[in-house]
Amino acid sequence: MIEAVGLTKRYGETVAVDGLSFVVQPGVVTGFLGPNGAGKSTTMRMLLGLDRPTTGTASINGRPYTRLTAPLCEVGALLEARAIHTGRSARNHLLALAATHGIGRRRVDQVLELVGLTQVAGKRAGGFSLGMGQRLGIASALLGDPHTLILDEPVNGLDPEGILWIRTLLRSLAAEGRTVFVSSHLMSEMSMTATHLIVVGQGRLIADCSVAELTNASGRSVVRVRAEEAPRLRDLLAADGVSITSTERDLLTVSGLSSTEIGKVAAEARVALIELTPQQASLEEAFMELTRDAVEFGTPMQAARL
Ligand SMILES: Nc1ncnc2c1ncn2[C@@H]1O[C@H](COP(=O)(O)OP(=O)(O)OP(=O)(O)O)[C@@H](O)[C@H]1O
């Protein structure tokens with residue numbers, strides 16, 4: 001379990017993290033989501049004892065990271081991409097790390113296999129592509145078979161096959177009962193990997209809920225209705241609080257009424273429906289709505305990317 005209590009980090013005038021409190025439970029993948037500059041990396045660095053909080057506390061399984069006796073075996077961490085600038089081979093890099101914790105050669109070969117680097121284990125890690133470096137970082141995080149994983153943007157630099165691989169890996173690690181905390185600024189990615197979400201904006205907590213709750217909370221569900229007599233149905237549905245748009249002759253997009261209500265009106269008026277589809281606002285929309293006021297350098301392009 002990871003716990004942050006009133007975590008705050010100031011850099012001069014900048015408040016990077018602002019009174020953040022949350023708990024990350026074991027057994028599910030928890031996504032740490034927020035626009036660029038929201039304070040995710042700073043929070044993770046404080047969890048890992050790499051940055052000292054201005055105020056507040058961060059603990060892992062009840063203790064600050066710096067007080068863990070065998071950190072590598074308790075917490076696996078992946079921070080920014082290309083953290084490994086080494087002339088060593090991937091295997092030697094892992095062997096050196098393993099030696100600090102009395103971890104054997106067999107475990108090194110195991111994690112190399114797990115991340116798909118066995119073939120290139122003898123190659124200089126400094127010459128690795130971004131994706132290979134990312135895999136080596138994940139191998140380092142897994143080396144001590146830790147119960148807690150803290151990964152900052154682990155899909156960065158991975159190709160589609162790599163993204164699928166990490167998604168499956170994280171879910172299986174969580175299913176084994178581990179605590180898996182993973183940051184991203186991409187809602188679409190997180191919605192496919194995480195079950196729970198902690199959303200931040202400008203250093204503050206915006207949401208702490210399940211992926212399903214976030215979608216439901218957006219509450220802007222609309223219903224797609226297709227009917228040959230769409231104009232007549234539009235008149236029948238028109239009422240206060242109902243908004244109807246139409247981009248095609250036989251298509252209506254209705255908000256303010258449920259699909260059941262629309263179906264009943266259509267049946268009573270004997271209007272044949274070709275389609276009646278309730279549509280949830282996408283997670284991307286829900287996220288943008290949540291963080292709209294918290295995007296640090298809000299530009300239309302950046303907001304669209306979230
Ligand atoms: N060492 C530092 N000195 C000064 N300001 C910093 C420092 N580290 C981070 N910041 C500022 O703190 C804020 C939060 O940054 P942080 O990197 O934690 O955000 P993030 O959510 O991880 O963003 P990204 O998705 O872009 O990595 C930003 O305004 C950033 O400029």
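Okay, quick one from me. When I say domain here, I mean bounds that come from an automatic or database domain assignment. On that basis the chain splits into domain 1, residues 2-216, and domain 2, residues 222-279. Keep in mind this is a predicted model. The C-alpha centres of the two domains, domain 1 and domain 2, sit 47 Å apart.

Now, the ligand. The residues around it are Tyr11, Thr14, Ala16, Gly34, Asn36, Gly37, Ala38, Gly39, Lys40, Ser41, Thr42 and His185. Two elements give two or more residues to that shell: strand S2, 14-24, and helix H1, 40-47. H1 has the largest share, with three residues. If you sort the shell by class, you get eight polar residues, three nonpolar and one charged.

So let's stay with H1. Seven of its eight residues are buried, which leaves the helix mostly covered. The buried ones are Lys40, Thr42, Thr43, Met44, Arg45, Met46 and Leu47. And just after H1 there's Gly49, with a positive phi of about 70°.

Why does Thr43 count as buried? Because it has 29 other C-beta atoms within 10 Å, and the cut-off for buried is 20 or more. Leaving out residues up to four places away in sequence, Thr43 touches Ala4, Leu7, Val17 and Leu20. Take the Leu20 pairing: Thr43 and Leu20 are 23 residues apart in sequence, but C-alpha to C-alpha they're 8.6 Å apart in space.

Technical notes: Residues are numbered from 1 along each chain as its sequence is written. This is a predicted model: local features need pLDDT of at least 70, side-chain atom pairs count only at pLDDT 80 or more; totals for chains, interfaces and linings use all residues. A residue is near a molecule or strand if its C-beta atom, placed from the backbone, lies within 6 Å of it. Helices (H or I, at least four residues) and strands (E, at least two) are DSSP runs, numbered from the N terminus. Ala, Val, Leu, Ile, Met, Phe, Trp, Tyr, Cys and Pro count as nonpolar, Asp, Glu, Lys and Arg as charged, and the others, Gly among them, as polar. A residue is buried if 20 or more other C-beta atoms lie within 10 Å of its own, exposed if 12 or fewer, and partly exposed in between; C-beta atoms are placed from the backbone. Two residues are in contact if their C-beta atoms, placed from the backbone, lie within 7 Å.
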